[in-house]
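Please take me through this structure in the viewer, one selection at a time.

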Amino acid sequence: MSMNRETILNIVLAALLIAVPVIAQITGETFIITLATKVAILGMAGVGLNIALGFGGLVSFGHAAFFGIGGYAAGILASHALNYEPIMTAPFEINGTTQMIVIWIVALLASALVALLIGAITLRTSGVYFIMITLAFAQMIYYFAISWPAYGGEDGLSIYVRNSFPGLNTLDPISFFALCAAMLGIAIAFSAVLIRSRFGLALHGARQNSQRMMAIGIAPFRVRLVAFVISAMITAWAGALYADLNRFVSPSMLSWHMSGEIMVFVILGGVGRLFGPVAGAALYIILEHLLGGMFEYWQLPLGILLLVVVLFARGGLIGLLAGERKHA
C-alpha cells in the first residue's frame, strides 16, 4: 500500500526534527539544539491538547494548568532532593528525587487527578461555557502558585542541576534533545494508536453525535472524560521536560498565555493532524527566533498568520501541504 501525502510529510518533519540538531552538534551550534529541544517539548504539549481538541472536539483553554503541574512536579521534587529536605514526614516520610522517571510518574499521576476533578465538572457543559470554566480552573491554580511562597511564589523555583535519566548525561544538549525527541515519539505513537482504537472511534462518535452514541449504549461523558485525562497527562509530561530544559519553573507555565500558545501550536500545524502540533510548534519557535530579534512586536505577524490559517487553511500547515483528508 502506498503512503499518502500526509504520512510522507510526517516522516519528513520527523527527519528534519532529528537532522537539524545533529547538524548543529557537528557545527557546534548549541543554541540550535536548544531550539530543537524546545520544539520537541512544546510539540509534545500540543500532542496532548490535540487529543482533547483535535480528536475530541474539546476546546480547552486551561491546559497550561497541566503543563505547569508537570513543571512544578519536577521543580518541587528536585528542590527537596538537592536541599536534603523531605517533602513530608507524617504520617510517613516522602523525599524528593532528581530521577526523571520518578518525576514523570508523579507528574502523570498529579495531572490525572486534577484533570479528573476538572473534567468531571467542566465536561457537563459545552461550547463557550466549557472554554471559560477550563480557563477559570487554570487561573485558580495559577494564582495558587503565585501565593505559594514555599516554592518561590511569583519569582518561581530554580532547578540548579538538571534531573537525571539512567545512562544519559542530561546536561549534554544533544543527549537531552534525544531524550525529549524520544518522549515526543512515544506520545505521537500513543496518540496514533489511541485514535485508531475502539476508544478512538467512540471519541470520534461522541464528537460527531452524542445522542447516537447514547442510543448504542456508549456514554459520551465517560469517553470525553478519559480523553481529557489522557490529554492532560501528556501535556504534564511535556511540562516536566520543559522545567528541566530551562532548569526553572514559575507560575508563567500555568498562565492563560501558555494555554493560548499550546492551542496556537495545534491550530497552526493542523487540528486533528498527528504531527500538526509539532509543525505548529516548529513554526512558532522559528518565527519567535527570527522576528523576535528584529522588533518587539513580533507577535503581530504571528497573529496575522494565525488569522489566515483559520480563514483559509483550516487544516493548518499540514493540511495545506498534504491536502484535505479523504475520510472523516
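## Whole chain

Colour by secondary structure: the chain has 13 helices and two strands. Keep in mind that this is a predicted model.

Show the C-alpha trace next. Along the principal axes, the C-alpha atoms occupy a box of roughly 55 × 50 × 40 Å. The radius of gyration is 20 Å, which agrees with a compact globule of 328 residues, because such a globule would come near 20 Å. With contacts drawn at a separation of 6 or more, 77% of them join residues 24 or more positions apart.

## Surface

The chain exposes about 16,000 Å², and 68% of that comes from carbon and sulfur atoms.

## Interior

Hide the surface and select the buried residues, which make up 49% of the 328 residues. Within the chain, the largest nonpolar core holds 82 residues. Select Ile-41, Met-44, Phe-67, Trp-104 and Leu-184, the residues with the most contacts inside this core. Then select helix H2, residues 30–55, which gives the most to the core, with 14 residues.

Centre on Phe-67. What does Phe-67 touch, leaving out residues up to four places away in sequence? Its contacts include Leu-42 and Ala-45, and also Thr-235, Ala-236, Ala-238, Gly-239 and Tyr-242. Met-253, Met-258 and Ile-262 also touch Phe-67.

Last, select Phe-66, Ile-69, Ala-115 and Val-229. They are among the 13 residues of a second, separate core.

Terms used
Residues are numbered from 1 along each chain as its sequence is written. This is a predicted model: local features need pLDDT of at least 70, side-chain atom pairs count only at pLDDT 80 or more; totals for chains, interfaces and linings use all residues. Side-chain values use heavy atoms; hydrogens and water are left out. A nonpolar core is a set of buried Ala, Val, Leu, Ile, Met, Phe, Trp, Tyr and Cys residues joined through side-chain atoms within 4.5 Å. Buried means under 20% relative accessible area, exposed over 50%, partly exposed in between (1.4 Å probe, protein chains only). Helices (H or I, at least four residues) and strands (E, at least two) are DSSP runs, numbered from the N terminus. Contact means heavy atoms within 4.5 Å. The radius of gyration is taken over C-alpha atoms; the globule rule is 2.2 Å times the number of residues to the power 0.38. Accessible areas come from the Shrake-Rupley method with a 1.4 Å probe; for residues, only the protein chains shown count as cover.
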